[in-house]
Amino acid sequence: MESIVLIKGNVTYPITLDPGVWIFDDRKVDLSTYFNEEKFEGEDSYMKDVSQHWDRERMEGAKVPTQSNENKIRFNKDELFTKSYGIPLNPFLENAKPTNVKAIELHTSTDKVVSLTIEEAKSGILGFSLNGKPLTDGPVHFYHGDGTNQNDPIRDINRIIVK
C-alpha cells in the first residue's frame with residue numbers, strides 16, 4: 001500500500017501529500033474531540049484569541065523578547081502514540097489552486113469514487129492516525145466537517161481529483 005495522496009485534475013499545482021509527516025504539523029486536530037468542540041469562525045475566533053492574549057498579559061505581565069531562539073518544538077509523546085489525528089483538507093486545496101471546479105472526487109484504492117462539492121471538501125478533515133498508529137486502511141480517511149460520518153469515514157483514499 002502506498003502512503004501518499006495525490007491532488008490533481010483541474011488544479012494549477014498538482015500536489016503529492018505524505019500523511020506520515022502530519023503527526024508533527026501544528027494544524028492537526030484530535031479526532032476524538034474535534035467534532036464535539038464549539039467552533040468559532042472568523043471574527044469570533046480572532047476576538048477569542050485577542051482576549052486570551054490580553055488576559056494573559058494582564059495576569060502575567062508582558063513577555064520581554066530575549067536574544068535566544070525560543071522556537072522550541074515540544075510534543076507530548078504519550079499523546080502522539082495514543083490519540084487519533086486528522087488535518088483540514090482546505091489548506092491543501094487552496095495551495096493546489098483549483099480552477100473551474102465542478103466537483104471534488106475522492107478515489108480509493110478499492111476503485112470507489114465519492115463525489116463532493118467544493119464546500120464539503122474544504123470543510124472536511126483527512127484522518128491519518130488511529131490510536132497513535134498510521135491507518136491500515138488508508139493512507140487517509142475523509143471526515144465531513146460537520147461530523148456526520150464521524151463513525152464511518154470514507155476510507156482508503158489515495159487520490160483527490162478536482163473535476
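Predicted model: local features only at pLDDT ≥ 70, side-chain atom pairs only at ≥ 80, totals over all residues.
The largest nonpolar core of the model comprises 28 residues. Within this core, the residues with the most contacts are Ile 7, Trp 22, Leu 89, Leu 106, Leu 126, Phe 142 and Ile 160. Strand S10, which spans residues 154-162, supplies the largest share of the core, namely four residues. A separate core of six residues lies apart from it, and Val 29, Leu 31, Ile 125 and Tyr 143 are among its members. The surroundings of Phe 142 illustrate the packing of the largest core in more detail. When residues up to four places away in sequence are not counted, Phe 142 touches Leu 89, Leu 106, Leu 116, Glu 120, Ala 121, Gly 124, Ile 125, Leu 126, Asn 149, Pro 153, Ile 154 and Ile 157. Two of these partners, Leu 89 and Leu 106, are also listed with Phe 142 among the residues with the most contacts inside the core.

Thr 108 belongs to strand S5, which covers residues 104-108. Its relative accessible area is 2%, and the residue therefore counts as buried, the limit being under 20%. The side chain of Thr 108 forms a polar contact with the side chain of Thr 110, at 2.9 Å. Beyond its neighbours within four places in sequence, Thr 108 is in contact with Arg 155, Asp 156, Ile 157, Asn 158 and Arg 159. Asp 156 is located in strand S10 and has a phi near 60°, a positive value in a residue other than glycine. With a relative accessible area of 18%, Asp 156 is classed as buried, because this value is under 20%.

A positive phi is likewise found at Asn 131, where the angle is about 55° although the residue is not a glycine. Asn 131 is situated in the loop between S7 and S8. Its relative accessible area is 47%, so Asn 131 is partly exposed, a class that lies between 20% and 50%.

In terms of residue class, the lining of the second largest pocket consists of 10 nonpolar, four polar and one charged residues.

Asn 90 is placed in helix H4, which comprises residues 90-96, and its relative accessibility of 26% makes it partly exposed. The C-alpha atoms of Asn 90 and Glu 120 are 9.8 Å apart in space, whereas the two residues are 30 residues apart in sequence. Glu 120 is also one of the residues touched by Phe 142. Thr 117 occupies the loop between strand S6 (113-116) and helix H5 (118-123). With a relative accessible area of 37%, Thr 117 is partly exposed. A distance of 8.7 Å separates the C-alpha atoms of Thr 117 and Val 101, which are 16 residues apart along the chain.

How values were computed:
Residues numbered from 1 in each chain as written. Heavy atoms only, no water. Nonpolar A, V, L, I, M, F, W, Y, C, P; charged D, E, K, R; others polar. Helix = DSSP H or I, 4+ residues; strand = E, 2+ residues; numbered from the N terminus. Buried < 20%, exposed > 50% of the residue type's maximum accessible area, 1.4 Å probe, protein only. Polar contact = N/O pair within 3.5 Å; in protein donor to acceptor, adjacent residues only side chain to side chain. Contact = heavy atoms within 4.5 Å. Core = buried A, V, L, I, M, F, W, Y, C linked by side-chain atoms within 4.5 Å.
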